[in-house]
Amino acid sequence: MNSQQDKRKVVIELDNVKRYFQVGSETVKALRGVSFKIYEGEFVTIMGTSGSGKSTLLNQLGCLDTPTSGEYYLDGTPVRKMSKNQRAKLRNRKIGFVFQNYNLLAKTTAVENVELPLMYNNKYTSKQRREAAIQALQAVGLGDRLEHKSNQMSGGQMQRVAIARALVNKPAVLLADEATGNLDTRTSFEMLVLFQKLHQEGHTIIFVTHNPEIAEYASRNINLRDGKVREDTINPHIKSAAEALAALPQPQDD
Amino acid sequence: MNILNLFKVSIRAVANNKMRSFLSMLGIIIGVAAIIIMMSIGQGSKESIRQELSTMGTNLLTIRPGADMRGGVRQDPSAMQTLKIGDYQCIVNEKKFVSYVSPEVTASGQVIYGNSNTTSTIYGESPEYLDIKQWKVEEGQNFNEEDIRKASKVCVVGKTIVNELFGEGKEAEAIGKNIRFKSIPLRIVGVLEGKGYNSWGMDQDNVIIAPYTCVMKRIAAQTYFSSIVCSALTEELSDAAIEELTQILRNNHKLKENAVDDFTIRSQAEMMDTMSSTMDTVTIILVVAAAFSLLVAGIGIMNIMLVSVTERTKEIGLRMAVGATGMVISLQFLIESVLISLTGGLIGVLLGCLISQLFPLIGMPSSIPAWSIYVSFAVCTLIGIIFGYIPARKAANMDPIEAIRHE
Ligand SMILES: Nc1ncnc2c1ncn2[C@@H]1O[C@H](COP(=O)(O)OP(=O)(O)OP(=O)(O)O)[C@@H](O)[C@H]1O
Ligand SMILES: [Mg+2]
């Protein structure tokens, strides 16, 4: 890592993080000592074979879980010794989650779905909440779908709502687990365009994926194997998702 | 999340599942409606009995033979023959706090006039009986002391007797006619004004009142009274009157200092209390039965809430992931179950009130005690909290990672 990177703000720092699961008499070592720093404004993909520990790592980063040993600093705050409630608050203020299957509330409008994280933050008035949600939906290109219910939207639109929901609390880091896993190629690229736009606006993004192609659109790639970092590379030539999308064959009219 | 938002979330969850919410409310609705109905009937009967007894004169005193039976001890039949003509005469001569006195002898049987007949009760009384009962003669007149002395075969009758034997509205024609009670001819001298049914459904107008001497001698063939009724000068003087009557009777019966009374004097106030407490007991038994149905309804709510929590595991996981604490999640479900039981309670109260209003139409008195409504709401809230607690805790204890992956 060069000196230029070191001057940037560290958003995430893992120091020899281990996560063991006790299954019966056996110990499953999902993470066997992972250390890295992620700086503000990075777009990092995390790849690795199935069972290499990607989701386990993301759960650590998202403060949904705590390490068996080692320490995790989120925005400078050590997480390992935090109580459940403290972690809930930390997630609420500093983390934005995007899930593979969107996880929107049923029979609920886009804007209400996006408001959800702010409902658990008493600092927001209902007016501020609504404004922030509308802003986030505009940022993902759904400014005209505010009152659409979750069951009235396409997969791509639902994932946009989910991304807006992840952005609404202005998180320190955006965490995505297979965020394009359920979408077709075209919609996946549209989603990548959106992530790249957010990246350019300065958001820190961590994107777990099986798809090696996606790494070409990120600024950095971390490869896991057997619960350890196998490879951690900076991408010198970030491809433009917008160009790739334009190059895709036009969808057939039906 | 503030409480208002939690309520909104819970209201939506209930509204999103209308059928299920309604079904889980049903038990509460029925239970609460049943309780309101029971209480209103209990209260209504109490009020109407009270009213009835007070129109019979709140200063009414009844002397019965035999010691106080409220202990439930069985008594020798001879103990029931302690009230004699001498007692009556002593009371009449010595009374100071008592205004009217009438001995009472009763008999039931068939009354005949021409080819008509009916079953009735004959009351042997003194002329003062009508004053004690505040009962007026509508047609004709009351019998008098002369009739008592001669044990005259005369009587005054209630409206029902006239209707049955002479026909509707034939009061004037009935006067002077001879009816037969157990083959004894009695000449009707008066017809009483109508009183209608009392709250036990007894027809108060199906009576024949005759001189007690006549009934004792010619009909019942007995030398003792079944009771003596008196009225105190005023209601306030009831206690003084009881004291006075007790002394007169004890002297007359030559009871020793330490002997118990061989008669019992009850005031109307005491009768009311006894009636009230009997009604209360019945009401309590019915309400307890209804309360058990509420318990079952609560378990029903718990059941539905547990299903609901399991079904919404993913939602719970999501809410936790975006920052909901276990406390807030459990509150959400607790409010939901309280909402269900309270809405059920509200519907139940309305239904109960509605049905209670219908009872008077079929002649059943009902009056809803206001506190029963407050208690219903309080109980429903409590049920919601108690039976919502386990599902809420289940939701709060979920692991967000597992919950969000749940399919
Ligand atoms: N809660 C748990 N209890 C026990 N073992 C677990 C648990 N979570 C994960 N593991 C184990 O830890 C290892 C890593 O799992 P993880 O889900 O992190 O892999 P992954 O890289 O996300 O795989 P995939 O690409 O299939 O999603 C696996 O061997 C898994 O069985
Ligand atoms: Mg995984």
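Mentor: Happy to! Let's start at A:Cys63, which follows helix H2 of chain A and has a positive phi, near 60 degrees. Helices (H or I, at least four residues) and strands (E, at least two) are DSSP runs here, numbered from the N terminus. Residues are numbered from 1 along each chain as its sequence is written, while chains are lettered from A and ligands numbered from 1 in the order in which they are written. You are looking at a predicted model, where local features need pLDDT of at least 70, side-chain atom pairs count only at pLDDT 80 or more and totals for chains, interfaces and linings use all residues, and side-chain values use heavy atoms, leaving out hydrogens and water.

Now to H2(A) itself. This helix spans residues 54-61 and is largely enclosed by the rest of the structure, because seven of its eight residues are buried. Buried stands for under 20% relative accessible area, exposed for over 50%, and partly exposed for values in between (1.4 Å probe, protein chains only). The buried residues are A:Lys54, A:Thr56, A:Leu57, A:Leu58, A:Asn59, A:Gln60 and A:Leu61.

Not counting residues up to four places away in sequence, A:Leu57 touches A:Leu14, A:Leu31, A:Val34, A:Phe36, A:Ile46 and A:Leu224; contact means heavy atoms within 4.5 Å. A:Leu57 and A:Leu61 also belong to the largest nonpolar core, which has 76 residues, and they are among those with the most contacts inside it, together with A:Ile12, A:Ile46, A:Tyr72, A:Leu74 and A:Ile206. Chain B takes part as well: its helix H12 (residues 326-358) gives the most to this core, with nine residues. A second, separate core holds 59 residues, including B:Leu60, B:Leu61, B:Ile242 and B:Phe263.

What does the helix sit on? There is an open, antiparallel sheet of four strands in chain A, ordered E2-E1-E4-E5. Its edges are strand E2 (26-39) and strand E5 (77-78), each of which pairs on one side only. Strands count as paired if DSSP finds at least two bridges between them. E1(A), residues 10-23, runs antiparallel to E2(A) and is joined to it by eleven bridges, and A:Glu13 has A:Lys37 in E2(A) as its bridge partner. H2(A) packs on this sheet, touching E1, E2 and strand E4 (69-74) of chain A, and its direction makes about 125 degrees with that of E1(A). Axes are lines fitted to C-alpha atoms, for helices over the stretch in contact, and angles run from 0 to 180 degrees between N-to-C directions.

Chain A also has an open sheet of six strands with mixed pairing, in the order E6-E7-E8-E3-E9-E10. Strand E6 (95-98) and E10 form its edges, each pairing on one side only. On average, neighbouring strands of this sheet are turned by 20 degrees against each other, direction ignored. E3(A) runs parallel to strand E8 (residues 205-208) over four bridges, with A:Phe207 in E8(A) as the bridge partner of A:Thr45. Helix H3(A), residues 84-94, packs on this sheet through E6 and strand E7 (173-177), at about 80 degrees to the direction of E6(A). Helix H7(A), residues 185-200, packs there too, touching E3, E7 and E8, at about 155 degrees to E8(A).

Strand E9(A), residues 220-225, deserves a moment: five of its six residues are buried. Five bridges join E9(A) to the parallel strand E3(A), residues 43-48, where A:Val44 stands opposite A:Arg220. With E10(A), residues 228-234, E9(A) pairs in the antiparallel sense over six bridges, and A:Asn223 stands opposite A:Glu231. These two strands form a hairpin with two residues between them, and A:Asp226 in the turn has a positive phi of about 50 degrees.

Finally, a word on confidence. The predictor gives the complex an ipTM of 0.92 and a pTM of 0.75.

Terms used
Core = buried A, V, L, I, M, F, W, Y, C linked by side-chain atoms within 4.5 Å.
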